[in-house]
Amino acid sequence: MLMALIRIFAFGMPESASSVAGQVDSIFNFILWVSVFFFVMIVGLMAIFLVRYRYREGVEPEDSPSHNIRLELLWSAIPLVLVLVMFVVGFKTFLNMDVLPGKSYEVQVTAQKWRWLFTYPNGYTDDVLHVPGDRPVSLIMRSEDVIHSFFVPAFRLKRDVVPGRYTKLWFTATETGEYPVYCAEYCGTSHSDMTTTIVVHESGEFAEWLENAANNLADLPPAEAGALVFNRGGCAACHSINGTASVGPTFQRLFGSMEALEGGGSVRVDENYILESIKDPAVRVTRGFQPVMPTYQGRFSDAELNYLVEYIKSLSEE
């Protein structure tokens, strides 16, 4: 009944899909309706007083008292009590959201211009967050570059992801389905593209999905497996495959070409140069581009690196 009322009066709010969403909505609605009540009361009294005490010919104004202690105490005490209630309820909800529960499923989150990467306990990394719908999930988050903010409207969760430190967040999804994830902190030119999805699986299906996702590359042709690595690793945020210039060089017809380097000289793009550019991208930077790419040493397995090289090679085939 309570959740039904919350949904009815939550004007403009997205769907509620986590255990904490109802608490956040109830606090929001309490503050909203308190504000509406006092707004209507104050404006209504102003309108009444304007009409009742308007200037009229032949009517002299009466002397008003300098102050009324009871009235002044009343209009000070009521807001004080309301603010204290808002603080106590809000702080309890904040603590509940901030303190990670025991025995939660832990996922490592990496934020980087301009993508989210999620690493599971078995080492598998994806650019979409998949979670079980029957247990708490803890996110251990860090940034590779600037401040980002992990924001899930349907879960009523938002937490800054700061370079040089870990921030943490947890939730229990209550509804299966797919929910959008945004970066809520301006982080550069492609900030609005830094989006992904949370997929909440039915109870018992998550373990099967994770096993299949971690092992499916070996069943694909190398170039197709490389395309998956390209997408999951967030490479598309900086490298196009259609010849369009971006933050980094396009991969279209890159393999086998001669690339001019910053500081002079040139290099032929072969397998070794691609591997070097992934593991230590600041060594030889293509002319016209900034050395902003971080190292991916350790993020991809040797097999994934081989698949990625094969995919880049396939983009140069006629």
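Student: Which residues is Thr 110 in contact with, leaving aside its neighbours within four places in sequence?
Tutor: Keep in mind that this is a predicted model. In it, Thr 110 is in contact with Arg 115, Trp 116, Leu 117, Arg 142, Glu 144 and Arg 299.
Student: And where is the place of Thr 110?
Tutor: Thr 110 sits in strand β1, which covers residues 105-112.
Student: Is Thr 110 buried or exposed?
Tutor: Thr 110 counts as buried, because its relative accessibility is 8% and the cut-off for buried is under 20%.
Student: What kind of peptide bond joins Lys 113 and Trp 114?
Tutor: A cis one, with omega at about 0 degrees. Trp 114 belongs to the loop between β1 and β2, and β2 is 115-119.
Student: OK, new topic. How many residues are in the largest nonpolar core?
Tutor: That core has 37 residues. Those with the most contacts inside it are Trp 116, Tyr 120, Leu 129, Leu 139, Phe 150, Phe 155 and Ile 198.
Student: What is Ile 198 in contact with, leaving aside its neighbours within four places in sequence?
Tutor: Its partners are Leu 129, Val 131, Phe 150, Val 152, Phe 155, Phe 171, Gly 177, Glu 178, Tyr 179 and Val 181.
Student: And what other core lies apart from the largest one?
Tutor: There is another core of 23 residues, and Ala 225, Phe 251, Val 269 and Tyr 307 are among them. As a general point, nonpolar side chains tend to be buried together in soluble globular proteins.
Student: Let's do helices. At roughly what angle do the axes of α2 and α3 cross?
Tutor: Roughly 165 degrees, and the axes come within 10 Å. Helix α2 is residues 21-52 and helix α3 is residues 69-98. That angle makes α2 roughly antiparallel to α3, because anything over 145 degrees counts that way.
Student: Is that crossing of α2 and α3 left-handed or right-handed?
Tutor: Left-handed. On the α2 side the contact includes Ile 27, Phe 30 and Val 34, and on the α3 side it includes Leu 82, Val 85 and Gly 90. By class, this contact of α2 with α3 has 12 nonpolar, four polar and no charged residues.
Student: How about α6 and α7, at what angle do their axes cross?
Tutor: Those axes cross at roughly 120 degrees and come within 10 Å, with α6 at residues 271-279 and α7 at residues 302-314. That makes α6 oblique to α7. The crossing of these two is right-handed.
Student: Which residues of α6 and α7 meet?
Tutor: Glu 271, Ile 274, Leu 275, Ile 278 and Lys 279 from α6 meet Leu 305, Leu 308, Val 309, Ile 312 and Lys 313 from α7. By class, that contact has seven nonpolar, no polar and three charged residues.
Student: Back to single residues. What is the phi of Arg 156?
Tutor: Positive, about 60 degrees, although Arg 156 is not a glycine. Arg 156 lies in the loop between β6 (148-152) and β7 (157-161), and it is buried, with a relative accessible area of 11%.
Student: And what is phi near in Arg 253?
Tutor: Near 55 degrees, a positive value in a residue other than glycine. Arg 253 is in the loop between α5 (222-232) and β11 (258-260).
Student: Last one: how far apart are Phe 28 and Gly 233 in space?
Tutor: They are 37 Å apart, C-alpha to C-alpha, and 205 residues apart in sequence. Phe 28 is in helix α2 and counts as partly exposed, at 37% relative accessibility.

Notes. Residues are numbered from 1 along each chain as its sequence is written. This is a predicted model: local features need pLDDT of at least 70, side-chain atom pairs count only at pLDDT 80 or more; totals for chains, interfaces and linings use all residues. Side-chain values use heavy atoms; hydrogens and water are left out. A nonpolar core is a set of buried Ala, Val, Leu, Ile, Met, Phe, Trp, Tyr and Cys residues joined through side-chain atoms within 4.5 Å. Buried means under 20% relative accessible area, exposed over 50%, partly exposed in between (1.4 Å probe, protein chains only). Contact means heavy atoms within 4.5 Å. Axes are lines fitted to C-alpha atoms, for helices over the stretch in contact, and angles run from 0 to 180 degrees between N-to-C directions. Helices (H or I, at least four residues) and strands (E, at least two) are DSSP runs, numbered from the N terminus. Angles under 35 degrees count as roughly parallel, over 145 as roughly antiparallel, 65 to 115 as roughly perpendicular and the rest as oblique. A crossing is left-handed if the near helix is turned anticlockwise from the far one by less than a right angle, and right-handed if clockwise. Ala, Val, Leu, Ile, Met, Phe, Trp, Tyr, Cys and Pro count as nonpolar, Asp, Glu, Lys and Arg as charged, and the others, Gly among them, as polar.
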